[in-house]
Amino acid sequence: MSTTHQPAPPGEESASYDPRTVRRAMLAGSIGTLIEYYDFSVYGYLAVAIAPQFFPGDDPAASTLAALAVFATGLVVRPVGGVFFGWIGDRWGRRKALVSSVLCMGVASSLTGLLPTFSQIGVFAAVLLFITRLAQGVSSGGESVGAYTYIYESAPPERRAFLGSVTPIGSNLGFMFAAATAGAISALTTKDQMADWGWRLPFLMAVPLTILCLWARLRIEDTPEFKKAAQRADIPTAPIREVLATHRTALLQSVGLAMAQGGAIFLGLTYIGIYLTSNLGYDTTLVYWLSAGVVLVTVLLMVPAGRLAARFGCRRVLMGGLLGFLVTAYPAMLLMGQDSLALAGLAYLLLMLSSAFVQVPAASLWPHLFERRVRYTGMAIGYNVGTVLAGGTAPYIAAFLVDKTGNLLSPAFFVMLVCLIGIGSLLTVRKDV
């Protein structure tokens, strides 16, 4: 049974959607998000290697927790970046926000690869790592929502549910590329070489990747909706104040959905690798490649997920994805601890199969919750607050739960909790893409 789509909001129906512009929007959005998520997530994959370089100590668990705390702080400032880039996007144009966000991320990631370690400058090394991570967090606060907004507004209304798959494909390829890069360097270096200089190479990859993304984004124009609004001088002067005054329900809905997506997916994409190596003792290089393979399967499911969203509606597909995470989290983590890497890989895949059916419909549903005038800012606030509450903190919370309770399966309950929050939020959404 096909869903009945809502009519386009005022202003959208008169916009012109040139096929070449749509293709360029898809390319710029997906490549930019790939690079942003590669830069941002490679830290999570290398947390075990980074920890003793910046947080040395006798307790490896404490060092890893410190490194993951820095990972989490990068997401704590995402709302700040979201508000800043959202203001640029709603006030001055989507293109300017997208170019500036990826440039900020590229510079911060490149500098991370050049940082001195604790053995060279002492505790100041951790301070510098913290600063570069904050810069990455500010940048990431505007990136995903900017790509969601840009592709949503560049696509014809009847194709938005399907084309919404482009941005999640890019972000997950970024995660996969980060895992594969970490795996390749781990395989080609000794443990001492990895500790000495090997961990730097994935961060320095940001230099050519950023140049590639800037090339793609400097070729795009602003979206048809924004250009028409600019011609009518229908641009908000205070988008933050406007979204807080007129879109409170949409903000709460987007926060709840972001908590569910971020909590479940960030735990799967960043913590599970640490869990398999540090807690269960599997080979680090093999786990890197396993993570890359699982993410690849997730990416392959995203086009079918987009087709399902176009046929049955984003809300139904998203509900199915959240329920999938809810029922598989505990059995998947239980299977991971059976002293078999093959079985652990299958369990990891079982957990992440729902990922495509959460990310793809959410990518189109989020911008649909907000009017064009404050879409970028509204998404940036709601998405990033939810991600801070349960996404970037997920690896830290999971490691903390295991360390304090001694129960290796305790992170599964965290996933189940955030999924219930997401389901409750989704039940309040009345309009579909």
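**View 1. Thr 377, a buried residue of helix α21.** Thr 377 has 0% relative accessibility, so it counts as buried (under 20% relative accessible area; exposed is over 50% and partly exposed in between, with a 1.4 Å probe and protein chains only). This residue lies in helix α21; helices here are DSSP runs of H or I with at least four residues, numbered from the N terminus. Which residues is Thr 377 in contact with, leaving aside its neighbours within four places in sequence? They are Gly 86, Trp 87, Asp 90, Pro 239, Ile 240 and Val 243, where contact means heavy atoms within 4.5 Å.

As you look around, remember that this is a predicted model: local features need pLDDT of at least 70, side-chain atom pairs count only at pLDDT 80 or more, and totals for chains, interfaces and linings use all residues. Residues are numbered from 1 along each chain as its sequence is written, and side-chain values use heavy atoms, leaving out hydrogens and water.

**View 2. Glu 225 and its two arginine partners.** Side chains of opposite charge can pair when their charged atoms come close. Glu 225 and Arg 160 meet in a salt bridge, 3.0 Å from N to O (a side-chain nitrogen of Lys or Arg within 4 Å of a carboxyl oxygen of Asp or Glu). This pair links distant parts of the chain, with Glu 225 in helix α13 (residues 224–231) and Arg 160 in helix α8 (residues 160–163), 65 residues apart. Glu 225 also meets Arg 375 in a salt bridge, at 3.3 Å from N to O. Here the two residues are 150 residues apart, Arg 375 being in helix α21 (residues 375–390) and Glu 225 in helix α13. Are Arg 375 and Glu 225 buried or exposed? Both are buried.

**View 3. A network of salt bridges.** Asp 90, Arg 94, Glu 153, Arg 160, Glu 225 and Arg 375 are linked in this network. How many salt bridges does a search of the whole structure find? The search finds 9.

View 4. The 17 residues of α16 (residues 284–300) should span 24 Å, and its end C-alpha atoms are 25 Å apart, which agrees; the expected span is 1.5 Å times one less than the number of residues. Among the buried residues of α16 are Val 287, Tyr 288, Leu 290 and Val 294. What covers the buried residues includes α1 (19–45), α9 (166–188) and α15 (248–279). At the N-terminal end, Asp 283 caps the helix, with a side-chain oxygen 3.2 Å from the backbone nitrogen of Thr 285.

Technical notes
Polar contact = N/O pair within 3.5 Å; in protein donor to acceptor, adjacent residues only side chain to side chain.
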